Structure formats: structure tokens, C-alpha cells
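Please keep the sequence and the 3D view open while reading.

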Amino acid sequence: MNEKVRCLIIGSGPAGFTAAIYASRANLSPVLYEGMEPGGQLTTTTEVENFPGYPTGITGPELMEDLKKQAQRFGADIRFGAATSTDLSSSPYKVTIDGEKVIEAETIIISTGATAKYLGLPDEQKYAGSGVSACATCDGFFYRKMVVAVVGGGDTACEEASYLSGLASKVYLIVRKNALRASKIMQERVLKNPKIEVLFEHETLGLTGEGVVQGANLVKHKGQADEKQVHIDIDGFFLAIGHTPNSKIFKPWIETDEVGYIKTIPGKPLTNLPGIFASGDVADPHYRQAITAAGTGCQAAIEAERYLSEKGL
Ligand code: NDP
């Protein structure tokens, strides 16, 4: 028989756990499924220094463990397992966990996050946490006065390169085409910045270094007559080639933008379906910070509580 719950939270990043803290304190008896990557993206970073309340910083895994314990302290039922499919055609909504168990939920808080795209080079895994990062705001601070490279030509890459130029001594921007895709204003900012050197028509072949990243091997004009290999000395390698929001299982029920970010009413975590809320990176192409995710998780739980009490559920 299907299990019935009042509030189902899917995902265990800062958004999911914050939603669980608020929902359990509001007596919604939330059930949270942690998903494929318990703790979310922060478990792949080392030091987190910008989450308010930790004056000397905290590691990503520790922060997530603290949030989880805080949610459990108020009775949140936190479980292993990933939502694998949904039937949101009518309420109560049905969510299948691990392809087997079906949960019927009066409200759902979607906090499944987004996954940074990587180039797919074996070296990205080899140097994960040792010079390879997909978040300049999270990890840029560790590269003060060092040389870093950012891959990508979109707004994220330009924004991250600009941000890093305030910390690092030099920033290479590795762009595969002969032009940036970013908005004009971001392009100008990057092209005018004396600390940023844009390497147009370059692709990354691999990374080098003893234990930590010390360099990158690139190829210029790949496949053309004048193709040549280029080596740059760097201390950090930042991916900024886009994110994939983890919203696939909610389609076709939940509206997303063309990239897959769940559409919400500006300033609120409301989706197109009543009783279903979205919080954190799955609905946020702009900020993607732990603290903003936590904020929207709180909003989603408050909205879930209001929805249930209005319906008398
Ligand atoms: P985009 O999809 O806009 O850009 C991705 C960039 O990465 C492109 O330059 C693309 O190259 C490059 N790229 C993709 N795959 C590879 C690869 N395998 N190797 C090398 N380069 C690769 O993603 P963003 O994250 O930059 O932006 C996503 C959305 O968010 C956009 O709509 C953007 O405008 C928005 N945004 C807005 C911001 C703001 O307004 N402040 C800040 C950040 C994002 P190519 O051009 O060759 O395809």
C-alpha cells in the first residue's frame, strides 16, 4: 500500500534541510528523501566560509551534517532513497522512490538542486577538490594571488572570471569559440579587465600537477591546419560551462524554462501546481548559493504549512 504523507521534501541540500527544519517545527511531519548525492553539492566542496553563522568557516560535509541533525532534532523523517518518477496529475501527488515505493503527498517541496557540467576529462576527477572547482564564489578565496583558469564563454564564466580577478593575480578565460556568448555588458567587463586574458578558440586537453593542479594543456584551433598545443601554468581550474537543474522527473507536470529550471512566481517558491513548491538551485539560475537555497527552503515550508491549513489537511 502507498504511504501517505502531508509534506514530502525531495533533496538534501541546504534548501531541503532548511525546509525540513521549518516543516517539522510547524508539525507537518515531513518526510525527506536525500537523493543520489546526500548533502548535495556542498559535500563536494571543502571549506565553506560564506555561510552566515560560522565565523571561522566550516567544511561542506560538516555544514550539511549540522543541518541534517537540526532537522532531525524536530522530528523530520530523513531517509535514503531517490525520487525516480512522479505522477502529479492529481492531488495527493504520487512520487515513486527508487523505482519501487510510492509516496502519496499532499504537498511536495522540490529541492533537487542542479548539477554543474564538467568537460568529461578524467583529470577533473583526479584533481577534484585539489584545484578543480565548479564554483568560484565557493572556492575562489583559496586562490588569492594565484593564477587560475575559467572555462566557458557564457554569463557564468564571465561573472566568475570577473569575481576571481578580484582575488587571483591572473585569470585565463578558456573559450572554445572565437566569441563570447555572454551578455554585452559582461563581455565588456571581461575584455577590459587587465587581469583577465581570454584564450579564444582554445580547448582543454588535460591538467597537470603533482597532487594538485599546476597547469593545463590546451589545444588552439583544434582540427585546423594551424592547430597547436599550448601549456599554461595555473593553480586553479574552474568550470563554468553551465548547470543542469535536476528537474527531469517532474516534467511534464511542472513548468520549467528552456534550460530546465523550475519556474516559480518571482519572490515566492510557488510552481504551476498547487501544493508543489520549488526551492534552491533547481529553481534558481541566478544566485546558486547555499544561503539563498536555505532561504527559499524556509519559504517553501511556510507556503506548504499555509496550503495545508487552508485546505484543512
Ligand atoms: P551558458 O549555456 O549560457 O554558457 C555556457 C558556456 O560554456 C558557453 O560559452 C559554451 O560555449 C561553453 N561550453 C559549454 N560546453 C562546453 C564544453 N564542453 N567545452 C568548452 N566550453 C563549453 O551557461 P551559463 O551558465 O553561462 O548561463 C546560463 C544562463 O544563466 C544563461 O541564460 C545566462 O545568461 C544566465 N546567467 C545570467 C547571469 C546574470 O545575468 N548575471 C549570470 C550567470 C548566468 P559555446 O558558446 O561555444 O556554446
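**Salt bridges, overall form and backbone**

Aspartate 77 counts as partly exposed, because its relative accessibility is 31%, and the cut-off for buried is under 20%. The model is a predicted one. Aspartate 77 forms a salt bridge with arginine 79, and the closest N and O atoms of the two are 2.9 Å apart. Arginine 79 is buried, because its relative accessible area is 19%, and buried means under 20%. Both residues belong to a network of salt bridges that links Glu3, Asp77, Arg79 and Lys101.

Taken along the principal axes, the C-alpha atoms fill a box of roughly 70 × 40 × 35 Å. Of the 313 residues, 50% count as buried.

How many salt bridges does the structure hold? There are 7 salt bridges in the structure. One of them joins the side chains of glutamate 104 and lysine 4, at 3.7 Å from N to O. This pair links distant parts of the chain: lysine 4 belongs to strand E1 (residues 3–10) and glutamate 104 to strand E8 (residues 101–110), with the two residues 100 apart. Are the two partners buried or exposed? Glutamate 104 counts as buried because its relative accessibility is 12%. Lysine 4 has a relative accessible area of 62% and is therefore exposed.

Another salt bridge is formed by glutamate 34 and lysine 68, whose closest N and O atoms are 3.2 Å apart. Here too distant parts of the chain are linked, since the residues are 34 apart: glutamate 34 sits in the loop between strand E2 (31–33) and strand E3 (47–48), and lysine 68 is in helix H2 (residues 60–73). Glutamate 34 is buried, and lysine 68 is buried as well.

Lys117, Arg176, Lys177 and Arg181 form a positive surface patch. Where in the chain is arginine 176? Arginine 176 lies in the loop between strand E12 (170–174) and helix H6 (184–192). Arginine 176 counts as exposed because its relative accessibility is 62%, and the cut-off for exposed is over 50%.

The backbone has some points to look at in the loops. Which residues are joined by cis peptide bonds? The peptide bond from serine 91 to proline 92 is cis, with omega near 0°. Proline 92 is in the loop between strand E6 (83–87) and strand E7 (93–97). Lysine 251 and proline 252 are also joined by a cis peptide bond, with omega about 10°. Proline 252 is placed in the loop between strand E18 (243–245) and strand E19 (276–278).

Positive phi angles come next. Asparagine 27 is not a glycine, yet its phi is positive, at about 60°. Asparagine 27 lies in the loop between helix H1 (14–25) and E2. With 59% relative accessibility, asparagine 27 is above the cut-off and therefore counts as exposed. Arginine 288 is not a glycine either, and its phi is positive at about 55°. The loop that holds arginine 288 runs between E19 and helix H7 (290–311). Is arginine 288 buried or exposed? Arginine 288 counts as buried because its relative accessibility is 18%.

Valine 132 belongs to strand E10 (residues 132–133). Valine 132 has a relative accessible area of 8% and is therefore buried. From C-alpha to C-alpha, valine 132 and alanine 149 are 9.8 Å apart in space, and in sequence they are 17 residues apart.

Methods:
Residues are numbered from 1 along each chain as its sequence is written. This is a predicted model: local features need pLDDT of at least 70, side-chain atom pairs count only at pLDDT 80 or more; totals for chains, interfaces and linings use all residues. Side-chain values use heavy atoms; hydrogens and water are left out. Patches are made of residues with over 30% relative accessible area and no salt bridge: like charges are joined within 9 Å, nonpolar side chains (Val, Leu, Ile, Met, Phe, Trp, Tyr) within 5 Å. Accessible areas come from the Shrake-Rupley method with a 1.4 Å probe; for residues, only the protein chains shown count as cover. A salt bridge is a side-chain nitrogen of Lys or Arg within 4 Å of a carboxyl oxygen of Asp or Glu. Lys and Arg count as positive and Asp and Glu as negative; His and the chain ends are not counted. The place of a charge is taken as NZ of Lys, CZ of Arg, CG of Asp or CD of Glu. Helices (H or I, at least four residues) and strands (E, at least two) are DSSP runs, numbered from the N terminus. Buried means under 20% relative accessible area, exposed over 50%, partly exposed in between (1.4 Å probe, protein chains only).
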